[in-house]
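Hi,

Here is the structure I promised to pass on. Have a look at it first, and then read my notes below.

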Amino acid sequence: MKTSILIVYGIPNCDTVKKARAWLTDHGVAYQFHDFKKQGVPAELLPNWLAQVGEAVLLNRKGTTWRKLDEATRAALVDDNSIIALMLTQPSVIKRPVALWPNGQISVGFDAAGFAARAAL
């Protein structure tokens, strides 16, 4: 999905999201912020995100939300549909930020050099 402007998805109090947003602002890169907590997770985009970067990149297995999940819930994550269902009910298991670049590609997390290269697209 191509977009006319960079869209940054995440949670505003996440430190990595704060770093990414500050970098974008400091470098004059126009973007729109989509707050998972207020606006929800865009269910229609999750299959594409998983297809582009895979479960290993998109699913945050190091965060507090993951650690609080019971073993049965973790064991039930057997395919994209079950992973998407978890992400919709527990947005904090999505690594952040997810950036949807105007060319339709996404990036997950924040890396200044990566953002600089992509912002030039």
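Let's start with a helix pair: Leu46, Pro47 and Leu50 in helix 3 meet Asp80, Ile83, Ile84, Met87 and Leu88 in helix 7. Contact here means heavy atoms within 4.5 Å, and helices are DSSP runs of H or I with at least four residues, numbered from the N terminus, while strands are runs of E with at least two. Sorted by class, that contact has seven nonpolar, no polar and one charged residues (Ala, Val, Leu, Ile, Met, Phe, Trp, Tyr, Cys and Pro count as nonpolar, Asp, Glu, Lys and Arg as charged, and the others, Gly among them, as polar).

Before going on: this is a predicted model, where local features need pLDDT of at least 70 and side-chain atom pairs pLDDT 80 or more, while totals for chains, interfaces and linings use all residues. Residues are numbered from 1 along each chain as its sequence is written, and side-chain values use heavy atoms, leaving out hydrogens and water.

Now for His34, which sits in strand 2 (residues 31–35). Is His34 buried or exposed? His34 counts as buried because its relative accessibility is 13% (buried is under 20% relative accessible area, exposed over 50%, partly exposed in between, with a 1.4 Å probe and protein chains only). Leaving aside neighbours within four places in sequence, His34 touches Ile7, Val8, Tyr9, Gly10, Gln39, Gly40 and Pro42.

One more pair: Ala20, Trp23 and Leu24 of helix 1 make contact with Ala112, Phe115 and Ala116 of helix 8. That contact has six nonpolar, no polar and no charged residues.

Cheers
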